[in-house]
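Please look through the sequence and the model shown here.

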Amino acid sequence: MGGEVRLADIAVIIMGQSPPGKTYNENGEGIPFFQGVADFSYRHPTPRVYCTAPSRIAGPGDILLSVRAPIGRVNVANKSCAIGRGLSIIRPKDSKDCRYIEFTLRYLESHWHSIEGSGSVFGNATRNDLEILPIPWPAESKRRAIAHILGTLDDKIELNRRISETLEQMARAIFKSWFVDFDPVRAKMEGRWKRGRLLPGLPAHLYDLFPDRLVASEIGEIPEGWEVMRVGNALKAVGGGTPRTSEPHYWNGGKYCWATPKDLSGLEAPILLDTERKITEAGLSQISSGLLPEGTVLMSSRAPVGYLALSAVPIAINQGFIAMVCDGPVSNLYTLNWCHLKMDEIKQTASGTTFAEISKAAFRPILMLVPEKRVMQIFTEKAKPFYRNIQMKLEQSRTIATLRDTLLPKLISGELRVKDAGRFLRKRGL
């Protein structure tokens, strides 16, 4: 397969440095600032915090490697960004080797446990650890071929992610238009939408569904005939629990998915396919809410507040959630979008000194707009295909990721020949 080189021989290594805390902000001033793996997504980090006085700047295409526990996680910068002490920049000396080095570092992620064990309590990797890291280095043609094969799979996953993001934005746009801005109602009030005619996004057959005036309510003007209800009256909001881990019969051989907010933190789209942690029927009996139905809306209610997802399977949850079962006047897709747009208001009900938490008692009294039944049905029918396609893309990406992760060590180590891998993928239309 070829020899090895040190990482320092093929890349410039830049250790992160955190800028002064007073330069951080969450309103988009400056450039994105990434501190560690908490900011990592599938391949590119997700901006949450920005910085106006960056100390270390990564450019588009730079590899970001975590140097604090968990050490060895990899992302790639897709725009200029600042990095803190939890990350390092790996900048290939030859840009053509960027994708190969990225995949090789992913392959080596499992090898960092020895560093974590010999470092501080939390584990850390030093510049020297990175510089002397041995990198498998086959001939250039093989490096390019490996990068192409694995990159093709990664690109399909990334394409699915972008499509899912677009589908989600389309559903949110309809929700905002109908239930926040009241565009159909205003179009009728202003004479822009007439019976038998259509407007962009408003087919003619929907005309009679919407009223033609707004009336006063507890939450401001709303379409005539629609209601304002407390969340607790519009849906069933419940919490969960954690079966004792000291009781093996609660966990060993479990078949029921059990979720914590961590299961939602890394989702690329607001659908939870399933979870790795399973509980038994005996464990399920320890959770007051029991097994919640497929389609339940999950919202993390503590540390941190605000992760949202639909469960694609029957689910049991821990105490870090408020779960919403929507079998009344509002649908789960309406509720998911309502929570997303109302999240700032929802978070204002949080309390706690050590960390913020939203209690069910504080969540249930929040006022919620409830449209007329037929409008709710039509919105749900229009939104369902978006979320069904998102779920299909997630499932497809999971299959592709499993295939990529299977091929990765075999190709890097030389166990599998590039030609054989290429033939294997072509047979599967990849």
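Helix α5 covers residues 140–179, 40 residues in total, and spans 56 Å from its first C-alpha to its last, close to the 58 Å expected at 1.5 Å a residue. That expected span is 1.5 Å times one less than the number of residues. Helices (H or I, at least four residues) and strands (E, at least two) are DSSP runs, numbered from the N terminus. The model is predicted: local features need pLDDT of at least 70 and side-chain atom pairs count only at pLDDT 80 or more, while totals for chains, interfaces and linings use all residues. Residues are numbered from 1 along each chain as its sequence is written, and side-chain values use heavy atoms, with hydrogens and water left out.

Helix α5 has a kink of about 25°, centred on Gly151. The bend at a residue is the angle between axes fitted to the seven residues ending there and the seven starting there.

The aromatic rings come next. The whole structure holds 17 aromatic pairs. Rings of Phe, Tyr and Trp (its six-membered ring) pair if their centres lie within 6.5 Å; planes under 30 degrees apart count as stacked, over 60 as edge-to-face and the rest as tilted. Trp178 and Phe179 make an edge-to-face pair, with 6.0 Å centre to centre and 75° between the planes. Trp178 also forms an edge-to-face pair with Phe210, at 5.2 Å centre to centre and 80° between the planes. Trp178 lies in helix α5 and Phe210 in the loop between α6 (183–189) and β12 (214–215), so this pair ties together parts that are 32 residues apart in sequence. Trp178 and Phe210 are both buried, and Phe179 is buried as well; buried means under 20% relative accessible area, exposed over 50%, and partly exposed in between (1.4 Å probe, protein chains only). One aromatic cluster includes Phe175, Trp178, Phe179, Phe210 and Phe379.

Elsewhere, charges sit over rings. Arg277 lies over the face of Trp251, 4.2 Å from the ring centre, and Arg106 over the face of Tyr42, at 5.8 Å from the ring centre. The criterion is NZ of Lys or CZ of Arg within 6 Å of the ring centre and within 35 degrees of the ring normal.

In the order β2-β10-β7-β8, 4 strands form an open sheet with antiparallel pairing. Its edge strands, β2 (11–15) and β8 (74–76), each pair on one side only. Two strands pair if DSSP finds at least two bridges between them. Strand β7 (residues 63–66) is joined to β10 (residues 87–92) by 4 bridges, and Leu64 stands opposite Ile89 in β10.
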